[in-house]
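Please read them with the structure open.

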Amino acid sequence: YVRKGSMGTPAEVLARFWADLRERARVRIERPDLPEALREAAGALVHDLWTRALDEAGRTFDARREALDQSLSEAR
C-alpha cells in the first residue's frame, strides 16, 4: 500500500494516532471555578502521580515474583 502513495501518508496517520492517544490519556479537572492554568497543572499532577504509582507497583510486583521464583527453585 505504501508503494502506491507517498511515505508522508503513513507518517501523517501515525502522527494523528499519537496525538489522539495523548489527548485521550490527558487528565482533565472539570471545575469551572478554577483558572485554566490551575486545572491543567492539577491534571498534570494527577497524571504524574498515577504514572509513578504504576511504575512502583510494577517494580514491587517484579521483586515479589523474583522472590517467589527463587523460593520455588529452592523448594525443587
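1. Phe17 sits in helix α1, which covers residues 8–25. Helices here are DSSP runs of H or I with at least four residues, strands are runs of E with at least two, and both are numbered from the N terminus. The chain has 2 helices and 0 strands.

2. A word on the basis of these notes: the model is predicted, local features need pLDDT of at least 70, side-chain atom pairs count only at pLDDT 80 or more, and totals for chains, interfaces and linings use all residues. Residues are numbered from 1 along each chain as its sequence is written, and side-chain values use heavy atoms, with hydrogens and water left out.

3. How many of the 76 residues count as buried, in percent? The share is 1%. Buried means under 20% relative accessible area, exposed means over 50%, and partly exposed lies in between (1.4 Å probe, protein chains only). The chain has an accessible surface of about 7200 Å², and carbon and sulfur atoms account for 60% of that surface. Accessible areas come from the Shrake-Rupley method with a 1.4 Å probe, and for residues only the protein chains shown count as cover.

4. The structure contains 1 aromatic pair. The ring centres of Phe17 and Trp18 are 5.2 Å apart and the planes meet at 70°, so this pair is edge-to-face. For such rings (Phe, Tyr and the six-membered ring of Trp), a pair needs centres within 6.5 Å; planes under 30 degrees apart are stacked, over 60 edge-to-face, and the rest tilted. Phe17 is partly exposed because its relative accessibility is 44%. Trp18, with a relative accessible area of 44%, is partly exposed.

5. Which residues form the nonpolar patch on the surface? They are Leu14, Phe17, Trp18 and Leu21, with about 400 Å² of accessible area together. Patches take residues with over 30% relative accessible area and no salt bridge; like charges are joined within 9 Å, and nonpolar side chains (Val, Leu, Ile, Met, Phe, Trp, Tyr) within 5 Å.

6. There are 6 salt bridges in the structure. The term requires a side-chain nitrogen of Lys or Arg within 4 Å of a carboxyl oxygen of Asp or Glu. One of them joins the side chains of Glu12 and Arg16, at 3.2 Å from N to O. Both residues, Glu12 and Arg16, belong to helix α1 and are 4 residues apart, about one turn of the helix. Glu12 is partly exposed, at a relative accessible area of 47%.

7. Asp20 and Arg24 also form a salt bridge, with 3.3 Å between the closest N and O atoms. Asp20 and Arg24 are 4 residues apart in helix α1, so about one helical turn separates them. Arg24 counts as exposed at 65% relative accessibility, whereas Asp20 is partly exposed at 36%.

8. In helix α2 (residues 36–75), Arg52 and Asp48 are 4 residues apart, so they are separated by about one helical turn. These two residues form a salt bridge, and the closest N and O atoms are 3.2 Å apart. Is Arg52 buried or exposed? Arg52 counts as exposed, at 55% relative accessibility, while Asp48 is partly exposed, with a relative accessible area of 32%.
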